[in-house]
Structures are given as structure tokens and as C-alpha cells.
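Please keep the sequence and the coordinates at hand while reading.

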Amino acid sequence: MTATPSVIQVQVNDKSVECPQGHSLTALLKTLDMPLQATAVALNDYIVTRSEWDSTQLKTGDRIALFQAIAGG
């Protein structure tokens with residue numbers, strides 16, 4: 001019998017999202033099909049730099065705000 005990975009709930013732009021425990025910000029963005037190059041991330045009201053996405057593991061109740069760069073003028 002194999003163990004089922006624990007699932008946690010986080011808030012992404014005010015919507016509840018389930019993901020595996022230990023999921024990183026990078027993994028979450030890939031799961032959500034977000035473009036990694038044009039996205040900024042705030043975790044619990046603090047901006048997380050792109051270099052920290054892989055090492056930032058999500059926890060139950062985390063609040064993630066995603067922002068996409070929009071070209072125009």
C-alpha cells in the first residue's frame with residue numbers, strides 16, 4: 001500500500017487551491033500554467049524574488065498573489 005501525499009490548501013488571488021504538501025512556488029506556477037518570465041509573486045503580503053521560488057515551500061493557509069506583466073502604453 002502506497003502512502004497518499006498530504007494535500008494542503010492555499011489561497012491564490014483569493015481562490016482556494018489544493019496542492020501537495022511541500023509544493024514550491026515554482027511548482028505551483030507550473031501547475032497553474034502561469035508564464036514564469038512575466039509573473040511576480042507575493043506570499044503573505046511579501047514579494048518573493050524569482051531566485052527564491054524553488055526553495056519557498058508552501059504551507060496550509062498561505063496567501064499567494066500573482067501579478068502578470070502587461071505590455072502596452
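In this predicted model, valine 12 is in contact with Val17, Leu28, Leu32, Ile64 and Leu66, once its neighbours within four places in sequence are left aside. Valine 12 also belongs to the largest nonpolar core, where it is listed with Val10, Leu25, Val41, Leu58, Ile64 and Leu66 as touching the most other members.

**Nonpolar core**

- The largest nonpolar core holds 16 residues, and those touching the most other members include Val10, Val12 and Leu25; S1, S2, H1, S3 and strand S5 (63-68) each supply at least two residues of this core.
- In soluble globular proteins, nonpolar side chains tend to be buried together.
- Two of the core residues that touch the most other members, Val41 and Leu66, are also linked through the sheet, where leucine 66 in S5 is the bridge partner of valine 41.

**Sheet order and strand pairing**

- Five strands make up an open sheet, and their order is S2-S1-S5-S3-S4, with mixed pairing; S2 and strand S4 (46-48) are the edge strands, each of which pairs on one side only.
- Neighbouring strands of this sheet are turned by 40° against each other on average, with direction ignored.
- Strands of a sheet pair through backbone hydrogen bonds, either parallel or antiparallel.
- Strand S1 (residues 7-12) and S2 run antiparallel and are joined by 6 bridges, and within this pair glutamine 11 stands opposite serine 16 in S2.
- On the pairing of S1 with S5, the sense is parallel and there are 2 bridges; here glutamine 11 stands opposite arginine 63 in S5.
- S3 and S5 run antiparallel and are joined by 5 bridges, whereas strand S3 (residues 39-43) pairs with S4 in the antiparallel sense over 3 bridges.
- Leucine 43 has its bridge partner in S4, namely tyrosine 46.

**Turns and positive phi values**

- Most residues other than glycine have a negative phi, and most peptide bonds are trans.
- S1 and S2 form a hairpin with 2 residues between them, and asparagine 13 in the turn has a positive phi of about 50°.
- Aspartate 14, placed in the loop between S1 and S2, has a positive phi of about 70° although it is not a glycine; aspartate 14 counts as exposed because its relative accessibility is 75%, against a cut-off of over 50%.
- Aspartate 45, placed in the loop between S3 and S4, likewise has a positive phi, near 75°, in a residue other than glycine; with a relative accessible area of 66%, aspartate 45 is exposed.

- Serine 24 lies in the loop between strand S2 (15-20) and helix H1 (25-31), and serine 24 is classed as buried because its relative accessible area is 12%, which falls under the 20% limit.
- Not counting residues up to four places away in sequence, serine 24 touches Trp53, Asp54, Thr56, Gln57 and Leu58; of these, Leu58 is listed among the core residues that touch the most other members.
- Serine 6 is found in the segment before S1 and is partly exposed, because its relative accessible area of 41% lies between the 20% and 50% limits.
- With neighbours within four places in sequence set aside, serine 6 is in contact with Cys19, Pro20 and Gln21; serine 6 and glycine 22, which are 16 residues apart in sequence, lie 8.8 Å apart in space, C-alpha to C-alpha.
- Threonine 60 is found in the loop between S4 and S5, and threonine 60 counts as exposed at 59% relative accessibility.
- Not counting residues up to four places away in sequence, threonine 60 touches Ile8 and Gln9; the C-alpha atoms of threonine 60 and glutamine 11, which are 49 residues apart along the chain, are separated by 9.0 Å.

Definitions and conventions:
Residues numbered from 1 in each chain as written. Predicted model: local features only at pLDDT ≥ 70, side-chain atom pairs only at ≥ 80, totals over all residues. Heavy atoms only, no water. Helix = DSSP H or I, 4+ residues; strand = E, 2+ residues; numbered from the N terminus. Buried < 20%, exposed > 50% of the residue type's maximum accessible area, 1.4 Å probe, protein only. Contact = heavy atoms within 4.5 Å. Pairing = 2+ DSSP bridges. Axes fitted to C-alpha atoms, helices over the stretch in contact; angles between N-to-C directions. Core = buried A, V, L, I, M, F, W, Y, C linked by side-chain atoms within 4.5 Å.
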